Amino acid sequence: MRKKIVAGNWKMNLDYNEGLSLFSEVVNMVKDEATGTQEVVVCSPFIHLHSLVQLAKGSAKVSIGAQNAHQAESGAYTGEVSARQIKSVGATYVILGHSERRQYFGESNELLAKKTDTALANDLKPIFCIGETLQEREANQHFDIIKSQLTEGVFHLDATQFARLVLAYEPIWAIGTGVTASSDQAQEIHAFIRKEIATKYDQSVADATTILYGGSCIPKNASELFACADIDGGLIGGASLKSRDFTDIVKAFN
Ligand code: PGA
């Protein structure tokens, strides 16, 4: 069955040394404490990736990911980082389509479809983010928005390629706001996403897809969210910057 994953998204936080010490604490805590979480992914800024991969050696459960990758294989794109470069330091995941990338860097579903192709071609596993704004939810458009993000962003993949994705539902109104989606609201969307996958591919693909919840997930609400039938873990922003909080979320699966 599908994997239970807790992923941390450090965003543009922590200098090099701060990142290394936080990560060392997380690795030690995760090693010592029992949890049903099957994989812990830390998505750091590019500058940390290589060192985190080295520090994670020997902890089978911990993987490393980037937070973005360019859609081109290589070339004259000053300041960008390619999927191949990320893969070459030993990272295995990449977050694509985070709402902050969509909002501040104008990333469209069409661009994200290309980024997904390039990431997969370079053997990275995308954590593909989707989610609606508060306005869209209040206008009752959230199902349509989610559906078009899936259709335009990832449903061009064949079933074998699609099976390599992790999806993350992150309602934008819940990100960094302290307002979490209720477990009923999150479960409703996760079930909808799974139904859309079943319609596009088939039920076995849908049942095997890990769908994470993200948006103000903290130790206090993680167990209730993770207990929902279609929620397979979390994508954690703010709380991933504190080793104790992040590990407590990792432990929320029992
Ligand atoms: P948050 O961020 O946990 O700080 O709300 C989640 C995310 O942006 O992935």
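Start by selecting Gln103, which sits in helix α4, residues 99–104. Keep in mind that you're looking at a predicted model. Is Gln103 buried or exposed? Its relative accessible area is 52%, and the cut-off for exposed is over 50%, so Gln103 counts as exposed. While you're there, draw a C-alpha to C-alpha distance from Gln103 to Ala222: the two are 26 Å apart in space and 119 residues apart in sequence.

Next, hop over to Asn109 in helix α5, which spans residues 109–121. With a relative accessible area of 12%, Asn109 is buried, since the limit for that is under 20%. Show side chains here. Which side chain makes a polar contact with that of Asn109? Look for Arg102: the pair comes to 2.6 Å. Now widen the selection around Asn109, skipping neighbours within four places in sequence: besides Arg102, you'll find Ser148, Gln149, Glu152 and Gly153 in contact with Asn109.

Last stop: helix α2, residues 46–56. Colour its buried residues, which are His48, Leu49, Ser51, Leu52, Val53 and Ala56. As you look at how they're spaced, remember that an α-helix has 3.6 residues a turn, so residues three or four places apart point the same way.

Terms used: Residues numbered from 1 in each chain as written. Predicted model: local features only at pLDDT ≥ 70, side-chain atom pairs only at ≥ 80, totals over all residues. Heavy atoms only, no water. Buried < 20%, exposed > 50% of the residue type's maximum accessible area, 1.4 Å probe, protein only. Helix = DSSP H or I, 4+ residues; strand = E, 2+ residues; numbered from the N terminus. Polar contact = N/O pair within 3.5 Å; in protein donor to acceptor, adjacent residues only side chain to side chain. Contact = heavy atoms within 4.5 Å.
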